[in-house]
Amino acid sequence: VVVDAQGGANMLDVLGGTGQSPSDGTGTGLVAISGTTATISKPGTAVLQVTYPTIGSWVSVSSTTTLTVAGTGQTITFPAIANHAYGDASFTVSAVTSSGLALTYSLVSGPATISGNTITVTGVGTVVVAANQAGNANYGAAATVSQSFSVYPGYQTITFPSVANCAYNNSPITLSATASSGLPPSYSIVSGPANLSGNTVTFTGVGTVTVQATQTGSANYAAAPPVTQSFTVSPGSQSITFPTILNHVISDAPFALAATASSGLPIPYSIASGPAMVSGNTVIVTGGLGAVVVQAAQSGDANYLAATSVSRNFNVTLTPVTISPASNTVYVGQSILFAASGGDGTGAFVWGGTASGGGSAQTVAFPTVGNYQVSAYRTASTGFAPSNLATAGVAVIDPASGDFIIANPQSGV
């Protein structure tokens, strides 16, 4: 600002206002004075005084004026923000001011958060972001500029690992697809012999099974493209568990077998060799002696392969002859009634040792102290060999003398 007086020298000074410098009165904070020139250095208010000196008949006069200096204006340039999908990584915005001063950002509305100039999307919808610059000593506040962008549902994919081919007896199996969104997938059987519960597949037969994995989306994610996997179910293997068969005597009643197949299928039996026959799971000894070989088999079905057959052996022997009682202690002069039983066929019982004669029973008297042995066996008959020799021991004591002998019923000692 240049102040000029009509003739003579004039003076210019700063009397007050925000531009006055308290130290020298020249107003160097806002206005610098040089002669009749006032130089404005920054925004503010200054009171200027012009003094006209006395010239001739003109007396000295002064005049004041208030000078208000506004800050320099500034503008914000805020580029448009591209639309984003939910799940996109955080991104930055880059508005600038004509003044070069730093900007601040604020979220006006929408599913997002802002930290500095970094925006993180938190949902689907429209997001409005404002850029602000409040000004400083030299610049006035800039007009706020806003930009909006849309957040649309995120894209997701399904990763569905291939399912290995399986045998029927490997059922059930578990599926393990995942969605890039972290949302749980659902499964369905497209075709094939299988049932589904959650992510567990149970086979119902043999053939090709096709399973589909889907993810229908959510408020923030669009539905994923479905993915299918196919695998083959082949006949399963099976094994037979066949417990040991105890030996039997020729007179034993029919008895049952108890083999099982891991498949749960029924077991057919057959006699490979020996004096026996089988009906269902019942073995009947046919009257001969010797080793019997029983075979258990399972030929499989549509879902199971044939099992490896398993054989069990047992021996058929004669029914042993026994004597009752097997051992006794008696006094001199007493008698014992012995009975023989067992054996096979129609052969007669023959007694020996202290006893003699035939029949199934013998009464034997013991007149003297000592150890005695009674024996019996059954003679051969049609189809049967002689039986074993059964023995019984007796210890005879004299109550008057106190003699007491412990007998070994098998040796007679």
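Select strand β7 (residues 84-85) and strand β14 (residues 145-152): they run parallel, joined by two bridges. Strands here are DSSP runs of E, at least two residues, numbered from the N terminus. Two strands count as paired if DSSP finds at least two bridges between them. Now pick His 84; its bridge partner in β14 is Val 151.

This is a predicted model, in which local features need pLDDT of at least 70 and side-chain atom pairs count only at pLDDT 80 or more, while totals for chains, interfaces and linings use all residues. Residues are numbered from 1 along each chain as its sequence is written, and side-chain values use heavy atoms, with hydrogens and water left out.

Within it, Val 129 has Gln 147 of β14 as its bridge partner. Strands of a sheet pair through backbone hydrogen bonds, either parallel or antiparallel.

Next, go to the open sheet of three strands, in the order β26-β30-β29, with antiparallel pairing. Its edge strands are β26 (255-256) and β29 (276-279), each of which pairs on one side only. Select β30 (residues 282-285): two bridges join β26 to this strand, and the two run antiparallel. Ala 256 has Thr 282 as its bridge partner in β30.

Now turn to the largest nonpolar core, which has 20 residues. Such a core is a set of buried Ala, Val, Leu, Ile, Met, Phe, Trp, Tyr and Cys residues joined through side-chain atoms within 4.5 Å. Buried means under 20% relative accessible area (1.4 Å probe, protein chains only). Select Ile 240, Phe 242, Leu 257, Tyr 269, Val 294 and Phe 314, the residues with the most contacts inside this core. β30, β31 (290-296) and β32 (310-317) each give two or more residues to this core. Another core, of 19 residues, lies apart from it; among its members are Ala 177, Phe 203, Ala 213 and Tyr 304.

Center on Ile 240. Leaving aside residues up to four places away in sequence, Ile 240 touches residues including Ala 259, Ile 267, Ala 296, Gln 298 and Val 310. A contact is heavy atoms within 4.5 Å.

Finally, zoom out to the whole chain. There are zero helices (H or I runs of at least four residues) and 40 strands. Of the 413 residues, 35% count as buried. Among contacts between residues at least 6 apart in sequence, 56% join residues at least 24 apart.

Notes
Buried < 20%, exposed > 50% of the residue type's maximum accessible area, 1.4 Å probe, protein only.
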